[in-house]
Amino acid sequence: ECTHIISCSGSALLYLINDLLDFSKIQSGMLELDFKPFVVHDCIDRTLEIVQMKAEEKGLELVSWVSSAVPRVMVGDAGRLRQILLNLLGNSIKFTPRGRVSLRCCLTPDGSRLQFEVQDTGIGLTPEVAGRLFQPFVQADATIARRFGGTGLGLVISRKLAQLMGGELTVSSEGEGYGSLFTLTV
């Protein structure tokens, strides 16, 4: 059990350090993206494989859907896209005590970009909390921070990465207890 605790603590510290480094690079304008062709389904599948076990441990249904209109290959930074999707899916799993987390991918109406939706049946958000989510080091409130952990940087980094890729990241919720919907366009 001590080995498991040490391993988990080491992983948490590594995530914190990586978040701080990414945040610093973004703030200083030094983060470089690696745009190249990537297979969309592979990116999605690899991302889902990483979060699948955590979803299963919590008894959550993890589902995905990709529109047939999405091209097989697109040009972009697949590593940073995966980072954003991991953050969104990880948060959805973390803040969903029961039910479902879904990932949907389609093209924007003009067909020029990918649109991802991560939706959950989790704890939901008030409009006030939703308005603060993309601010550095901010979480819903102190009790959420203590209960679920985290640095309050993941969504800030994800939104900045989306913007660097020419896209956007938004959130909506019907309120507490009604889950959340994060929409990423890149």
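**Close-up views of a predicted model**

G154 is buried, with a relative accessible area of 14%. Buried means under 20% relative accessible area, exposed over 50%, and partly exposed in between, for a 1.4 Å probe and protein chains only. This is a predicted model, in which local features need pLDDT of at least 70 and side-chain atom pairs count only at pLDDT 80 or more, while totals for chains, interfaces and linings use all residues. Residues are numbered from 1 along each chain as its sequence is written, and side-chain values use heavy atoms, leaving out hydrogens and water.

**View 1. G154 and its helix, α6.** G154 sits in helix α6. Helices (H or I, at least four residues) and strands (E, at least two) are DSSP runs, numbered from the N terminus. The C-alpha atoms of G154 and P136 are separated by 8.7 Å. These two residues are 18 residues apart along the chain. Buried in α6 are G154, L155, V156, I157, S158, L161 and A162. G166 follows α6 and has a positive phi, near 80°.

**View 2. Helix α3 against helix α6.** Two packed helices are described by the angle between their axes and the distance between the axes. The axes of α3 (residues 78-94) and α6 (residues 154-164) come within 10 Å and cross at roughly 145°. Axes are lines fitted to C-alpha atoms, for helices over the stretch in contact, and angles run from 0 to 180 degrees between N-to-C directions. From α3, the contact is made by R80, Q83, I84, N87, L88 and N91. From α6, G154, L155, I157, S158, L161 and A162 take part. Contact means heavy atoms within 4.5 Å. By class, this contact of α3 with α6 has six nonpolar, five polar and one charged residues. Ala, Val, Leu, Ile, Met, Phe, Trp, Tyr, Cys and Pro count as nonpolar, Asp, Glu, Lys and Arg as charged, and the others, Gly among them, as polar.

**View 3. The whole chain.** The protein has six helices and seven strands. From the N terminus on, the elements run α-β-α-β-β-α-β-β-α-α-α-β-β. Buried residues make up 42% of the 186 residues. Of the contacts with a separation of 6 or more, 70% come from residues 24 or more positions apart.
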